[in-house]
Amino acid sequence: MSAQGTPKTAGSTTAEATPKGAWTVTFLLFLFMVVNFADKIVVGLAGVPIMTDLKLEPEQFGLLGSSFFFLFSISTIVVGFIVNKVPTRWVLLTLAVIWSLAQFPMVGTVSFTTLLICRIVLGAGEGPGFSVAAHAIYKWFPDEKRTLPTAILSQGSAFGVILAVPALNWVIVNHSWHYAFGALGIVGLIWVAAWLALGKEGPLEDTQLLAATEPKIPYFQLLTSRTFIGCVAATFGAYWALSLGLTWFTSFIVKGFGFSQTDAGFISILPWVFGATIVILTGWISQVMMARGATTRVARGVLGSVPLVLGGLIIAAMPHVQGAGLQIALLVVGSGLCGAIYVVCPPMLGEFTPASQRGAVIAIYGALYTLAGIIAPAVMGSVIQRAGSTVDGYLTGYTINAVVMIGSGVLGLLLLWPNTEKSRLTRGAAAQPGALKGVVSPT
């Protein structure tokens, strides 16, 4: 194990022990993502009651779903550069406080405008969440051991939905959707207290020392590398599907097929249960493949991209089959397969990015692919409002989703070559140490 303050260069292959406390921090950050995604799902879960109470048209509700992402990308980039300098422990704490406080205004009677503003603020606080958490975890695990912790971190999204949906749906059905927001605010503050007591900074990297001593690669080279572009493109398609699941899936079950709010709440869990299985399997398979000598091109790039293409093809079949049960099953499986890409992309970026620049690069990656969260819910709302029937509108929207997923998966297969990317960029850094030292870093 590296001592505190002993820098590790990006891509080091020296075997390292996992520091004591690494899995405790991983579990806390898993819970961090559980709260993060519970916050995200509540509007989609309460979609029908919200539309009824506030008398919203589908386009307005689509705007509400998209509003969460208005400042999502901007805050992600800003905070990404901050964590190059500031300990992640305090950044994560600040983000969780913002999430919690943004929920409480919805407990009372609110207008559409108030709800919209609170979701924008919540999105600004939650935008950097996954990127900062991944950066924090990588201070506890060397590169060859990062895929499984990343999978566990990604699992927080699935469990955030699996655990929150029954509880929040019970509150919505038996009390009101207003109190569901309040419950999430309280849960967020409980996590803040736990993190204050147990959260620590990882000992494998000293960010300030690395910033002073580690060779830098110009951000332009990092952000225009084909693997970075491939990660953004591939995850964009996955996030298109995820944002539709967060915003429209429950409404699809209720309005498209006539299920009750209670039944729809249980059905809404299914994509996340299946997706959770995919995430853990991907992390485990990837780590086993690498231990057996597979390149990261195969064990990460191909392993993450193929499920996207397959998932898109499955969703594309939805309009061509009969029966609500079969259509829902195809949507569950197709959407769930997207989870594989979230597991492999952050470790791929970490392979060739210097540790002192990694926080910003992973954050910019997150900021770009989550732009799908602005576009997808609004597109679905517009398609539904203009369709001949509600079901036709949903099926057309999901067909668009399928095309985006297939295209992004193909781009991933073409562009994700992290092992050769690492060699090319590090050769350049070694060949031009003087030039690299003269590069002015935006951090």
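## A helix pair at an angle

The axes of α8 (residues 147-174) and α18 (residues 339-352) cross at roughly 130° and come within 9 Å. Here, axes are lines fitted to C-alpha atoms over the stretch in contact, with angles from 0 to 180 degrees between N-to-C directions. The crossing of α8 past α18 is right-handed, with the near helix turned clockwise from the far one by less than a right angle. Helices are DSSP runs (H or I, at least four residues), numbered from the N terminus.

This is a predicted model, in which local features need pLDDT of at least 70, side-chain atom pairs count only at pLDDT 80 or more, and totals for chains, interfaces and linings use all residues. Residues are numbered from 1 along each chain as its sequence is written, and side-chain values use heavy atoms, leaving out hydrogens and water.

## A residue with positive phi

Now to a loop: K55 sits between α2 (47-54) and α3 (58-67). Its phi is near 55°, a positive value in a residue other than glycine. Most residues other than glycine have a negative phi. K55 is exposed, at 68% relative accessible area; exposed means over 50% (1.4 Å probe, protein chains only).

## A residue of helix α4

I74 is found in helix α4, which spans residues 72-82. I74 is exposed too, with a relative accessible area of 52%.

Conventions:
Helices (H or I, at least four residues) and strands (E, at least two) are DSSP runs, numbered from the N terminus. Buried means under 20% relative accessible area, exposed over 50%, partly exposed in between (1.4 Å probe, protein chains only).
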